[in-house]
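Please open the structure in your viewer and keep the selection tool at hand. The tour below goes stop by stop, saying what to select next and what is there.

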Amino acid sequence: MKIVIIGNGILGLTTAYKLLRKDPTLTISLIGPYDNKGCASLAAAAMFNSFAEIDTSTLGNEIELQKFLFNKLSTPHWPQFIKQLEEESGLTIESGYGTYIINNHVTDSLEDDNFDAIINALDTYNEHYELIKPSQIPKYKPSVNGRAARAMFVTNEGWVNPVSLINGLKLILEKSGRVNLINGYCKLLHKSNHSIEYALMENGDKITGDAYVLSPGATFSKILSASNLELNTPKIFYGVGCSLLLKTGANTLDNCVRTPNRGLACGVYSAPQNATHTLVGASNFIAVVPEENARATSVYTLLKSAMEQINTDYYRAELVKVNVGWRPTSADTLPLLGTTSIPNLVVATGTKRDGLHCSPVISDYMSDLVLGNNTEHDFSLFKAEREIVKIYTREEAINISVRHSINAAYQHDFVPSKNRMVEDLEKHYRNDLIELHDKVGAIDWGIPPEMIQMYRYGHIA
Ligand SMILES: Cc1cc2nc3c(=O)[nH]c(=O)nc-3n(C[C@H](O)[C@H](O)[C@H](O)COP(=O)(O)OP(=O)(O)OC[C@H]3O[C@@H](n4cnc5c(N)ncnc54)[C@H](O)[C@@H]3O)c2cc1C
């Protein structure tokens, strides 16, 4: 059996890895540019976070809850997975466990509520954590105004250096002698007689196989529309995100330190990458077309946040690299995983901001589907060909979006005047959202906060 995998990010690489282990006879062509342009996996922290990503709505909303339970499945796999990859590649893959979550007052009460929601979820699922004094966090040295009032240590949530992880995976695949890493871009998939016949490269080469795995991250919809396959999948957008690699020397953290989620993003975090470097993240905005460079506002906000909210001594850190990655973000914000109506095509994308963490379970699932094995998982919620899943009621969505919008303003230096400005702004956002919902016919369902602009400008019908 010959498998063609399109996309050389974490999902493509881990699926190739699992396929090799499960079937010692197959060969793989893995397509992707060697420079990994826009690769989300390489811009990630990369945190293994499930509980740290809990919002006030997570446990009470049936769909969000299922997404959380799916995300949580991968956490226990990482220690053994990294050990195995280190043994097979001979490379060190820097990683660690234990995450400090801080609750400071740089933004509004949304993050206090998210902090409480995390505690509630940890208690509900009997997950180990400790409430600690913020001053107990090693190398945590915020500014006076940026200091946290509360903090906790979540024992099992960790991080990995994504560059070492990807290098380790690539080396193992190369060493196997059964994987052909093809440098370049797949332009489209050509179908004939109801199945995919070949992947057409941008340079005109045709790559053939028995089964195809489409996992090119955020460029998924571009390939799909060029292929004219008539698959009814939610559109994938570019969740453009920036992270900063700092050389922090002696100030490098022992563990990841992060806030709870903030409006429209995952808050501020710093994660060690090795003994001397720290990754600070992350910005996010949803776009229809990719952006290759980081925006000035993203770099400014991340640097300021890291210096004020994590460690003031970062003023003398060296800015080593500005990463830009495109989070594959679907129109309903849920992943697209599994088989399609084309028998020899499976897809894996739409993982938004936790695909690296979820890759052990996703790759296990994808490799079983390719090989026709039974799978223990039911991920039908994430099936690729679907109508957009309506996660929220109209009222829920509008309430969440209003809170997110105000909170996002605080993340960008908003200082309200001392009058009814915040209440007036809330009213303005609410009225605007009601109008938008009416306009797009969202009467008994609500627009996810991240997708407001995509609906407003007609990118989602
Ligand atoms: C700043 C940032 C921080 C993040 N932090 C975290 C985190 O802490 N934890 C976490 O779990 N997740 C995090 N994420 C999300 C995570 O990175 C993604 O969910 C996940 O990496 C997606 O993996 P992927 O393999 O689907 O796509 P990608 O990693 O984007 O890989 C896709 C690859 O396919 C290649 N490609 C593109 N077009 C083509 C084509 N036409 N043909 C062939 N190849 C193509 C790309 O160059 C790229 O190398 C973060 C993302 C960003 C941007």
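Two residues are said to be in contact if their C-beta atoms, placed from the backbone, lie within 7 Å. Before selecting anything, note that this is a predicted model, in which local features need pLDDT of at least 70 and side-chain atom pairs count only at pLDDT 80 or more, while totals for chains, interfaces and linings use all residues. Residues are numbered from 1 along each chain as its sequence is written.

**First stop: α1 and α9**

Select α1 (10–22) and α9 (355–371); such helices are DSSP runs of H or I with at least four residues, strands are runs of E with at least two, and both are numbered from the N terminus. The axes of α1 and α9 come within 8 Å and cross at roughly 45°, where axes are lines fitted to C-alpha atoms, for helices over the stretch in contact, and angles run from 0 to 180 degrees between N-to-C directions. That angle makes α1 oblique to α9, given that angles under 35 degrees count as roughly parallel, over 145 as roughly antiparallel, 65 to 115 as roughly perpendicular and the rest as oblique. The crossing of α1 and α9 is right-handed; a crossing is called right-handed if the near helix is turned clockwise from the far one by less than a right angle, and left-handed if anticlockwise.

Now show the side chains where these helices meet: on α1 they include I10, L11, T14 and Y17, and on α9 they include G355, L356, S359 and P360. By class, the contact of α1 with α9 has ten nonpolar, six polar and three charged residues, where Ala, Val, Leu, Ile, Met, Phe, Trp, Tyr, Cys and Pro count as nonpolar, Asp, Glu, Lys and Arg as charged, and the others, Gly among them, as polar.

**Second stop: α1 and α6**

The contact is made by L13, T14, A16, Y17 and L20 of α1 together with I166, L169, K170, I172, L173 and S176 of α6. Its residues divide into eight nonpolar, two polar and one charged.

Which residues come nearest to the ligand? Of the 44 residues around the ligand, they are G9, G217, G241, G325 and G355, where a residue counts as near if its C-beta atom, placed from the backbone, lies within 6 Å. Colour α1, α2 (40–43), β11 (236–247), β16 (318–330) and α9, each of which supplies at least two residues of the shell; β16 gives the most, with four residues. The shell around the ligand has 20 nonpolar, 19 polar and five charged residues. Domain 1 (2–37 + 164–235 + 332–382) and domain 2 (42–160 + 237–329) both give residues to the shell, so the ligand lies between them; the domain bounds come from an automatic or database domain assignment.

Next select helix α10 (residues 394–411) and helix α11 (residues 421–440), which pack at an angle of about 140° with their axes 9 Å apart. That makes α10 oblique to α11, and their crossing is right-handed. Among the residues that meet are R394, I398 and V402 in α10 and V422, L425 and Y429 in α11.

**Last stop: backbone details**

Most residues other than glycine have a negative phi, and most peptide bonds are trans. Select N193, which has a positive phi of about 50° although it is not a glycine, and which lies in the loop between β7 (186–192) and β8 (195–201). Then go to A45 and A46, joined by a cis peptide bond with omega near -5°; A46 is found in the loop between α2 and α3 (62–72). Finally, select G281 and A282, where the peptide bond is cis and omega is about -20°; A282 is in the loop between β14 (277–281) and β15 (285–287).
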